[in-house]
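Reader: I'd like a close look at one part of this model, the aromatic side chains. Take me through it slowly, then show me the setting around it.

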Amino acid sequence: MVFTRQKILYLRIGIVLVVIVIHASYIGGGFVGIDHGDIEYGHALRPLSEIKAMFTHRFGETGFYRPLVTFFDSLDASLYGKSAYGFRLTNVLLHAAFAVAAYFFARIFFFLASHESLLVMLVAGVHPLSWPIVGGINYRSELLVAILTLSSVSFHILARLKGKKVYSALAFLFFLTALFSKETAIVWIPTLIIFWEIASRRSKSKTTKQKFSQTLFLLEIFAIGLYLTLRANAVPELWRVSGVHLPLFEALGTRLAAFGWQLIYLTSPILPSLSDAMPVVGMLYPLALATGLIFICTIVFLWRKGFPSLESRAFVFLALALAPALNIIPTPRFVSPHYGYLATAGIGVVFIIVWRHMLAHSERVARFFAVLGIMWVLVAATATFFGGFRFRDDKTLFESDVARDENFLEGYYHIGNYYWALGDYENAARYFENALTRSL
């Protein structure tokens, strides 16, 4: 099949519409989880007349500095009041924008063909890991930082290849706004840029004139300096969350197991669990052991494959995107499916790599794999669509995960709040007591 520019454009528009339709089931939901405090009680909101204050104060009642999230939440509040549908519509549109950003990132960072990048866009758009991100308004920071990270790196590469100042300006703008969305951008973007710079030198890629490089790098350094200065003023403490102190082998085993759960979520076409409960395990725990073996085998494969290659680019991107799951810098949740959201922009690349290898050996096997891929997309899209109906209220959202994992304390807490708001104090007390007794 010949893919003309016009066909690619129509297909991109078609995928955007598919993504929006699949997530339309999310728009009718209510406020759930932390949304009650952030939005209904206004902890994360400010009047639009106080835009300056958004950049001089912390995000809500947290130790985070996310002024862009405050701005988007406050803008929605000014437009829709306390109606959840408007906030949810914004999340759906932001996720569609992420799918578009994934397409261009695949073209520029991974050097994929247009039709291959369409697959990356489709997988990112329908992936079940979008379920908690699009459905939970409190996860809007994940949407924004993912879009802006991919855009910043893409425009950095374009600035280096094309030598146009407008690309440098856009790379700076997206970098700065990514930093204003979530803290992980300060690791993700520079690391991806450094990797691309090293890979492009190794592959002898065409580079830009030196004056454009200096301007670009100075702008990016200025963005980091400005962000750190504003953040230090708004949030004087370096980090609020303290780490969990474990013996060495338990610390490694637990982190490998948490990373392994993210790999399962990333490759599975069904909805992930919302539970953030993580058992402390050793290095010989099956999931930790399997994750370690996968990591070692991948390193050996890439060593034999050579650097740079499409495989090495995919590995670096996925490893970096999933790095928060390792809890190197302590986070409020040790394991949570939202840590895998950015990585959905890379799992489609893995599908393409596997398909290419199969095609090189057997066209029949490659076709069979393509059929499996189509089935995966259909199952994922179906799961993602029906998952939207669970955001009706806290009980509907959390009840099934609490039933599967009795250690999901946050789930007990939110269901207890649900019954408390209804005046059903008996059931509220039962869930609150379950949360308290299991936390001891």
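How many aromatic pairs does the structure hold?

Author: The structure holds 31 aromatic pairs, where rings of Phe, Tyr and Trp (its six-membered ring) pair if their centres lie within 6.5 Å. Before we dig in: this is a predicted model, where local features need pLDDT of at least 70, side-chain atom pairs count only at pLDDT 80 or more, and totals for chains, interfaces and linings use all residues. Residues are numbered from 1 along each chain as its sequence is written, and side-chain values use heavy atoms, with hydrogens and water left out.

Let's zoom in on Phe 105 and Phe 109. Their rings are stacked, 4.8 Å centre to centre with 10° between the planes; planes under 30 degrees apart count as stacked, over 60 as edge-to-face and the rest as tilted. Phe 105 and Phe 109 are separated by about one helical turn because they sit four residues apart in helix H5 (residues 84-109). Helices here are DSSP runs (H or I, at least four residues), and strands are E runs of at least two, numbered from the N terminus. Phe 105 counts as buried because its relative accessibility is 0%, and Phe 109 is buried too, with a relative accessible area of 0%. For the cut-offs, buried means under 20% relative accessible area, exposed over 50%, and partly exposed in between (1.4 Å probe, protein chains only). Phe 105 and Phe 109 also belong to one aromatic cluster with Phe 110, Phe 195 and Phe 317.

Now the setting. The protein has 19 helices and zero strands, and 51% of its 440 residues count as buried. Its radius of gyration, taken over C-alpha atoms, is 22 Å, which agrees with the value near 22 Å for a compact globule of 440 residues; that globule rule is 2.2 Å times the number of residues to the power 0.38. The C-alpha trace spans about 65 × 55 × 50 Å along its principal axes. Of the contacts with a separation of 6 or more, 76% are between residues 24 or more positions apart, contact meaning heavy atoms within 4.5 Å.

Another buried side chain worth a glance is Asp 401, in helix H17 (residues 394-404), which counts as buried because its relative accessibility is 0%. Leaving aside neighbours within four places in sequence, Asp 401 is in contact with Trp 131, Ser 273, Leu 274, Arg 390 and Phe 408.
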